[in-house]
Amino acid sequence: GIGFAVPVDEINRVVPELIRYGRVIRPGLGVAVADDRIAERLGIKGLLIIKVDAGSSAAAAGLQGTKSLGGRIVLGDIITAIDGKRIGNYEEFRDEMDRHQVGETVRLAILRNGRTLEVAVKLEEVG
């Protein structure tokens, strides 16, 4: 037999959602982000946005993804904090998202073109 240890707080959060909805509902922004290893290679401290989903709350808030312009890559926004809590990688981002619910608004500190900005984003359901 194989056994798994799951923290009780995770069970208490997930099981009611599974019973009620048949799936786990997670809050998110509607973005695709770079793998931590890529961000590390680029010297980025934070979460690099690769793509912003059309019609998402991130798009409504004006977040920008990475794009190619004239044959060169222009990096997207880099999320550095959520509600004042520093974000250095995807795990920290996911942990912070799990502290919130769909429909709540969070304040993101982002780095764009060398400038730090603060943006309010309403969290949406992500799969």
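I count two strands as paired if DSSP finds at least two bridges between them, and with that rule in hand I went through this predicted model.

**Strands.** I looked up strand β2 (residues 31-33) and found that it pairs with strand β3 (residues 47-52) in the antiparallel sense, over 3 bridges; within this pairing Val33 stands opposite Ile49. I then followed β3 to strand β6 (residues 78-82), where 2 bridges join the antiparallel strands, and noted that Leu48 stands opposite Ile78.

**Pocket.** I turned to the largest pocket, which holds about 170 Å³ of space, and listed its lining as Pro7, Asp9, Glu10, Arg13, Asp95, Asp98 and Arg99. Helix α1 (residues 8-21) gives the largest share of that lining, with 3 residues, and by class I read 6 charged residues, 1 nonpolar and no polar ones.

**Salt bridges.** I found 7 salt bridges in the structure. For Asp35 and Arg37 the closest N and O atoms are 2.9 Å apart; Asp35 is partly exposed at 36% relative accessible area, whereas Arg37 is exposed at 59%.

Within it, Arg94 and Asp98 have their closest N and O atoms 3.7 Å apart, with Arg94 buried at 15% relative accessibility and Asp98 partly exposed at 22%.

How values were computed. Residues numbered from 1 in each chain as written. Predicted model: local features only at pLDDT ≥ 70, side-chain atom pairs only at ≥ 80, totals over all residues. Heavy atoms only, no water. 1 Å grid on protein atoms, 1.4 Å probe; cavity = no way out; pocket = protein on both sides within 12 Å on 5 of 7 lines; lining within 4 Å. Points joined across faces, edges and corners; volume = space filled by probe spheres on them. Helix = DSSP H or I, 4+ residues; strand = E, 2+ residues; numbered from the N terminus. Nonpolar A, V, L, I, M, F, W, Y, C, P; charged D, E, K, R; others polar. Salt bridge = Lys/Arg side-chain N within 4 Å of Asp/Glu carboxyl O. Buried < 20%, exposed > 50% of the residue type's maximum accessible area, 1.4 Å probe, protein only.
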